[in-house]
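Could you look this one over with me? My notes are below, point by point.

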Amino acid sequence: GRSNLPDNLKQLFRGIAMISPDRELIAQVMLYSQGFKTAEQLSSKIVPLFKLCKEQLSDQSHYDFGLRALKSVLVSAGNLKRANLLKNSNNNNNNNNNNNEGSPSSTNVIPTDPNDKEGILDYEKDILLRSICENIIPKLVAEDIPLFCSLLSDVFPGASPSEIEGEVIKQTIVQI
């Protein structure tokens, strides 16, 4: 039981008002801090995706589409981007040292022209989509995965959920 405060104690406290956080601005700042150049476009897509997921996916106790989950997806996207940059710089160094004819796959090619805004947007969108898929799909129940895929393709036209790269896990399972 709660009980009301006496009037003499009520006078000691001020009333406060709370508002919901601006998720889009928070996502935009997070993406910029993770090194994304197209943070405005990406944040205006990922926040509605989380809102749609919260509204349309089934009500499960382990689902979290709040600010904490959004932050973890954005931090994961930053980690993926840095890992991709490191991998590509290592590939370029190996190619230069060995004079091999190999080149990285087109999905991992980092646009080098700063004026190629469409290429940068596509590259960063692919990284963000991979992060979304790696963080959200494992938590979904089987019935919600097709709905999530359709929400993903609605918010990011032409996008399909990326396969989670689990070659090491698959090899370990086969060995067992």
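1. Start with the largest nonpolar core: it has 35 residues, and I46, L128, I132, F148 and F156 touch the most other members. Such a core is a set of buried Ala, Val, Leu, Ile, Met, Phe, Trp, Tyr and Cys residues joined through side-chain atoms within 4.5 Å, with buried meaning under 20% relative accessible area and exposed over 50% (1.4 Å probe, protein chains only). At least two residues of this core come from each of α2 (23-33), α3, α4 (67-98), α5 (117-136) and α6 (145-155).

2. A caveat on the source: this is a predicted model, where local features need pLDDT of at least 70 and side-chain atom pairs count only at pLDDT 80 or more, while totals for chains, interfaces and linings use all residues. Residues are numbered from 1 along each chain as its sequence is written, and side-chain values use heavy atoms, with hydrogens and water left out.

3. Overall, the protein chain has 7 helices and 0 strands (DSSP runs, H or I of at least four residues for helices, E of at least two for strands, numbered from the N terminus). Of its 176 residues, 31% count as buried.

4. Now F156: setting aside neighbours within four places in sequence, F156 is in contact (heavy atoms within 4.5 Å) with K45, I46, L49, K125, L128, L129 and I132.

5. On α3 (residues 39-56), A39, L42, S43, I46, V47, L49, F50 and C53 are buried. They span an arc of only 160° around the axis (taken from the directions to the C-beta atoms), so they sit on the same side of α3. Exposed K51 and E55 are on the face turned away from that buried side.
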